[in-house]
Amino acid sequence: ITNGTVITLGAANRIIERGAVLVEGDEIRAVGQAAEMEAAFPLAQRLDAAGQLIMPGQICAHTHFYGAFARGLYIPGDPPRDFPEILRRLWWTLDKALDADGVSLSALVCLVDAIRHGTTTLIDHHASPNVIAGSLDLIADAVIQSGLRACLCYEVTDRDGPAKAQAGIEENVRFLRRMREQRPETGDRRLAATFGLHASLTLSDETLAACVDAAAGLNTGFHIHAAEGMADQNDSLSKYGQRTIDRLASRGILGPQTIVAHAIAIDAWEMGLLRETGVWVSHQPRSNMNNAVGVADVPAMLRGGVKVVLGNDGFSNNMFSEIKTAFLLHKHAQADPRVLGADQTLEMATRNNARTAGLFFPEPLAELTPGASADIIFLDYDPPTPLTVGNLPWHLVFGMDGAQVSTTIVAGKILMHNRQLQTLDEQRIAARARELAVQLWERV
């Protein structure tokens, strides 16, 4: 890949004007000045970046492919008044309306969106109560077709009764075993698994214990929503006499392989537990604002050594937008323009997200360095002021955007070039999704 400005990111970020990246198979083999690289590798096939930025693909630490059909959905009656009502009237109705085709198509819609916006790795959290068994295979097939990289799980919950809670446990275990047992020569290294749980407020102690037992020996943590507003906190206090994070820690859910999404309604002691247990806390500012559930104290968590990462909770897979929102939200919430600088926000979204993805994918991600996975995007951004390592984070929040992505490459395979998708038929997927949406909305 030649004729572009290379932004390596990683521990020793470099910006190389007139740079080049050598890709061999699914890995990056060399990075340097284009003239030197072209002389050193004269027989390499050339991909011209046409003066664009060449940088690593983005990572999303928490998303929901199943929510694609919520876009434009009308919910009869008055608008939901709070988050519990949003859950009952929107999400817990929508997921029940999904059939097998809906599971596949909702994933494909989101994967198209991810390719278009340069998000190359996604950690998904799935729910489809009437299509549980095999649902993760349907999503895996869509991921393989797209060429992207994804970690999948099914959300276990008691809200639909014990039989479906058990079915959710079995789907997680089955898919975890599939990922563990697949042979390197036949398995797809772009797929991974973890163990999904919905949230404390929909999980009894008995079900949590069953999940911990089922996960034993599978080398996995959990992916769970926790303290997403006061509803989860109040439920835990009233039923169990413990705050949410305290309860999850005492039930064996927290640990260095676990992702906790949100962590908004927590106190200082719970924040300390998040640090002590080594969990990854995923922050989703656009979703939190939309649901009016409050603002996670991300600056305090980062200051205290909590491992905070960035997800989107099913919003668009334009992670540039999520970075910008995080950068702005905390300044507004604390009435202090010094809070959560662009450098801290970029660190959270790149290096921290890459470390989280490292739980599931062994190769280095989110950096253009020798040995890293060749997950690369071209950004059609012509900086109007000098672009340096020092000011890159501010160029990103004030100038760059996922809509500027023109080329997306994952594991050395081109998924989109010059804004033309190579692996998915976007028009056909959108047409099928519109047709299916009408039927699904009627069921809702």
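**Exercise 1. Identify the residues that lie nearest the centre of the largest pocket.**

Solution. Of the 36 residues that line the largest pocket, Trp91, Ser287, Asp313, Gly314 and Phe315 lie nearest its centre. A pocket is an open set of points on a 1 Å grid over the protein atoms alone where a 1.4 Å probe fits, with protein on both sides within 12 Å along at least five of seven lines; lining residues have an atom within 4 Å of a point. The model is predicted: local features need pLDDT of at least 70, side-chain atom pairs count only at pLDDT 80 or more, and totals for chains, interfaces and linings use all residues. Residues are numbered from 1 along each chain as its sequence is written, and side-chain values use heavy atoms, without hydrogens and water.

**Exercise 2. Determine which element supplies the largest share of the lining of the largest pocket.**

**Exercise 3. Decide whether His262 is buried or exposed, and find its side-chain polar contact.**

Solution. First, the relative accessibility of His262 is 1%, so His262 counts as buried (under 20% relative accessible area; exposed is over 50%, with a 1.4 Å probe and protein chains only). Next, its side chain makes a polar contact of 3.1 Å with that of Gln284 (N or O atoms within 3.5 Å, one able to donate a hydrogen and the other to accept it; residues adjacent in sequence count only if both atoms are side-chain atoms). Finally, His262 is placed in strand β11 (residues 259–262), a strand being an E run of at least two residues.

Note on methods. Helix = DSSP H or I, 4+ residues; strand = E, 2+ residues; numbered from the N terminus.
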